[in-house]
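Here is a short note to read beside the model. Keep the structure open and find each residue as it comes up.

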Amino acid sequence: MTGRLIFTLVLALATSSLPTPSASAAEGDAAAGKAVFQRTCENCHAVAIGVNKVGPSLWNVVDRKPAVVPDFAYSDAMKANKAAWTPTALDAYLADPRGDVHGVKMFFKGLPNPADRANVIAYLQTLK
């Protein structure tokens with residue numbers, strides 16, 4: 001094998017194991033997601049920097065580590081959750097918050113519609 005072919009094979013193997021967002025998260029509509037967010041999330045979560053409500057601020061939440069917003073009293077379950085809020089992780093959490101992270105304080109039952117979740121995630125990705 002030539003050096004170029006070996007490099008191509010190594011690169012293909014390395015990139016094939018990288019995590020990718022779910023198809024639903026990748027295809028979301030941010031404008032539709034803002035509307036869903038306003039209906040289902042905004043009563044408990046702010047999107048402004050440093051503004052906590054019943055839940056923590058969701059400003060810059062995508063790819064952020066859990067339980068790091070200052071001045072918010074997180075549950076022990078959320079403090080123990082170490083995986084970053086990737087689009088895939090957000091999709092699983094938004095589908096069933098209490099089922100995804102057992103012991104969280106969030107009483108919201110989740111967004112059962114995959115399109116709603118994808119749209120909310122697309123909206124959250126704009127908050128940077």
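The points below cover the nonpolar core and the aromatic pairs.

1. Start with a caution. This is a predicted model. Read each point below with that in mind.

2. Look at the core next. The largest nonpolar core has 23 residues. Which of them touch the most other members? They are Met78 and Leu124. Find both before you go on.

3. Now see where the core comes from. H7 supplies the largest share, four residues.

4. Stay with Leu124. Leave out residues up to four places away in sequence, and Leu124 touches Phe37, Leu58, Val61, Val62 and Leu90. Keep Phe37 in view for the next point.

5. Turn to the rings. A pair of aromatic rings is described by the distance of the centres and the angle of the planes. The count here is three aromatic pairs. In one of them, Phe37 and Tyr123, the ring centres are 5.4 Å apart. Their planes stand at 55 degrees, so this pair is tilted; edge-to-face would need over 60.

6. What does that pair tie together? Phe37 sits in helix H3 and Tyr123 in helix H7, so the pair links parts that are 86 residues apart in sequence. Both Phe37 and Tyr123 are buried.

7. Compare another pair, Phe72 and Tyr74. Their centres lie 4.8 Å apart, with 70 degrees between the planes. This pair is edge-to-face. Phe72 and Tyr74 are both buried.

Terms used. Residues numbered from 1 in each chain as written. Predicted model: local features only at pLDDT ≥ 70, side-chain atom pairs only at ≥ 80, totals over all residues. Heavy atoms only, no water. Core = buried A, V, L, I, M, F, W, Y, C linked by side-chain atoms within 4.5 Å. Buried < 20%, exposed > 50% of the residue type's maximum accessible area, 1.4 Å probe, protein only. Helix = DSSP H or I, 4+ residues; strand = E, 2+ residues; numbered from the N terminus. Contact = heavy atoms within 4.5 Å. Phe/Tyr/Trp six-rings, centres within 6.5 Å; stacked < 30°, edge-to-face > 60°.
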